[in-house]
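Subject: A structure for you to look through

Hi there,

Here is the structure I promised to pass on to you. Please open it beside this message, and then read on for what was found in it.

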Amino acid sequence: MRITDCRYDRDRLRLTVAYRLIAHEARTQTIRHCTGLSGDRIRKLYRHYMQGQAGPRVRRKRGKSPRQMSFFRRSVEHELQAATFGALLRCCGLLGRPQRLPGPRIEEVARFCDVYETFLCICPAPLITFEHAWYLGQVLAHRDEFVLARCPDCHALWVRDTLDILPDNCAACRAARLPDAAPEDC
Ligand SMILES: [Zn+2]
């Protein structure tokens with residue numbers, strides 16, 4: 001009986017997480033990877049979610065998920081938001097180890113959703129979509145080419161490309177040196 005209850009709880013959590021991912025406009029392949037649900041089941045959840053949606057419509061994104069770390073270097077604001085999100089992941093224990101195969105535990109995905117929703121609360125003009133955030137989390141967890149490092153000048157966390165010699169400090173310090181180019185609030 002207890003095993004049945006446990007399975008029921010996990011199935012319910014899986015569905016709850018899937019709905020959260022749909023609300024964040026995650027692609028079907030990402031939802032499938034995160035929840036283990038089939039593509040057919042996810043499509044039905046999409047339809048069910050759309051029927052019950054009163055606010056702005058969720059866009060169903062298609063095509064490949066983001067796979068370019070250069071996205072997070074597009075501007076000072078992109079860099080600062082990436083650092084903020086990386087710091088939140090680290091605070092919540094989600095950068096401790098690379099993702100397991102065949103996929104993450106559903107509890108970890110739920111925690112990742114908590115972190116992303118916290119990020120949306122503290123960043124009123126977010127540039128990082130859920131898909132970008134998921135990709136950034138995967139890359140940082142591997143601690144290979146890109147790491148969450150301390151800036152040698154201000155000691156804040158920033159996303160550092162370990163293969164690049166420059167820049168060697170965070171976006172906020174670089175922006176502070178530029179005349180009339182103070183970073184916007186995040
Ligand atoms: Zn700095």
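Let's start with the contacts: residues 24 or more positions apart account for 59% of the contacts in the protein chain with a separation of 6 or more. Two residues are in contact if their C-beta atoms, placed from the backbone, lie within 7 Å. Please keep in mind that this is a predicted model, in which local features need pLDDT of at least 70 and side-chain atom pairs count only at pLDDT 80 or more, while totals for chains, interfaces and linings use all residues. Residues are numbered from 1 along each chain as its sequence is written.

The overall layout

The protein chain has 7 helices and 2 strands, and from the N terminus on they run α-α-α-α-α-α-β-β-α. Helices (H or I, at least four residues) and strands (E, at least two) are DSSP runs, numbered from the N terminus. Of the 186 residues in the chain, 25% are buried. Buried means that 20 or more other C-beta atoms lie within 10 Å of the residue's own; exposed means 12 or fewer, and partly exposed is in between, with C-beta atoms placed from the backbone.

The core

Which residues touch the most other members of the largest nonpolar core? They are Ile-31 and Phe-85, in a core of 35 residues. (A nonpolar core is a set of buried Ala, Val, Leu, Ile, Met, Phe, Trp, Tyr and Cys residues joined through C-beta atoms within 7 Å.) The core lies between domain 1 (2-51) and domain 2 (72-177), because both give residues to it; the domain bounds come from an automatic or database domain assignment. Leaving aside neighbours within four places in sequence, Ile-31 is in contact with Ala-18, Leu-21, Ile-22, Ala-26, Leu-37 and Ile-42.

Phe-85 is one of the buried residues of H4, and Leu-80, Leu-88 and Leu-89 are among the others. H4 (residues 76-91) reaches 22 Å from its first C-alpha to its last, close to the 22 Å expected; the expected span is 1.5 Å times one less than the number of residues. Its buried residues pack against H5 (106-122), H6 (130-142), S1 (146-150), S2 (157-161) and H7 (171-177). Just after H4, Gly-93 takes a positive phi of about 70 degrees.

In H5, the buried residues are Val-109, Phe-112, Cys-113, Tyr-116 and Phe-119. They cover an arc of only 120 degrees around the axis, so they sit on the same side of H5; the arc is that of the directions from the helix axis to the C-beta atoms. On the other side of H5, Glu-107, Cys-121 and Ile-122 are exposed.

S1 and S2 pair in the antiparallel sense over 5 bridges (two strands pair if DSSP finds at least two bridges between them). Phe-146 lies in S1, and its bridge partner in S2 is Asp-161. Phe-146 counts as buried because it has 20 C-beta neighbours inside 10 Å.

Finally, look for the cis peptide bond that joins Leu-166 and Pro-167; Pro-167 lies in the loop between S2 and H7.

Enjoy exploring!
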